[in-house]
Amino acid sequence: MDFDIERKRMIRSLVEKGYLTKPDVIKAMEKVPRHLFVPEGIRRSAYIDTPLSIGEGQTISAPHMVAIMVEALDLRPGMKVLEVGGGSGYHAAVMGEIVRPDGHVYSVERIESLAERAKKNLKEAGYDDIVTIVVGDGSKGLGEFAPFDRICVAAAAPGVPEPLKQQLADDGKLLIPVGGRWYQDLILVERKQNKFLQTNLGGCVFVPLIGEYGYGN
Ligand code: SAM
């Protein structure tokens, strides 16, 4: 199987369906090899637009969801980004590709084995210089590296965690699925000084955010 051809085909389909519109996001998703972020046994499915199992009951998000989230974040080169829910490292690599060369992505993953695998994936794909994986409860954010220009949460929470709001830079944007266990709304939070403006971007389904400011431990 020629993964490069398969990737181009998938990106073309995401553009045709309207999920991908911004040239920098299209370029990033054309470049990042998703097949290197899924377990070897299922690499043939890497360019199907669907979530895939990465072990420990967790998933790599569907490409159209990564496209929606990265477009909504409005990333620019040089930005400092926090991702909560690193999983395979794929989504972080796509964001890293856009904020390169002077920006950085800090990605927190609570399951150590997944974090170790994500580090290997990022190294193999050439993103270990721009993405740092940290093991821990990302619902508390990552105070030592705050403030962040952008925060992207890839797991569903019952509400917007207060520490994440406080770690957002002025004019920053935070994206998070909020709702019940089986269905959530993707919420965009924009910080203007100490005011937080919320916009509902529509329905989505994510695995739960497990942690102090998520669904508990
Ligand atoms: N962004 C990932 C990717 O590109 O593969 C997919 C993320 S997956 C849908 C959600 C991840 O969030 C899981 O790996 C899960 O272990 C992690 N997670 C859940 N609660 C967390 C928390 N409090 N802190 C950090 N990671 C968490």
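## Surface and source

Accessible areas here come from the Shrake-Rupley method with a 1.4 Å probe, and for residues only the protein chains shown count as cover. On that basis the protein exposes about 10,000 Å², with carbon and sulfur atoms supplying 50% of it.

This is a predicted model, where local features need pLDDT of at least 70 and side-chain atom pairs count only at pLDDT 80 or more, while totals for chains, interfaces and linings use all residues. Residues are numbered from 1 along each chain as its sequence is written, and side-chain values use heavy atoms, leaving out hydrogens and water.

## Overall build

You'll find 6 helices and 9 strands in the protein; these are DSSP runs (helices H or I, at least four residues; strands E, at least two), numbered from the N terminus. The C-alpha trace spans about 50 × 35 × 35 Å along its principal axes.

Buried residues (under 20% relative accessible area, 1.4 Å probe, protein chains only) make up 51% of the 217 residues.

## Two cores

A nonpolar core is a set of buried Ala, Val, Leu, Ile, Met, Phe, Trp, Tyr and Cys residues joined through side-chain atoms within 4.5 Å. The largest one has 52 residues, and Met29, Phe37 and Leu75 have the most contacts inside it. Several elements each supply at least two residues of this core, including helix H1 (3-16), helix H5 (112-125) and strand S8 (184-192). Helix H4 gives the most, with 7 residues. Apart from this core lies another, of 18 residues, among them Val153, Leu168, Val178 and Ile187.

Notes. Buried means under 20% relative accessible area, exposed over 50%, partly exposed in between (1.4 Å probe, protein chains only).
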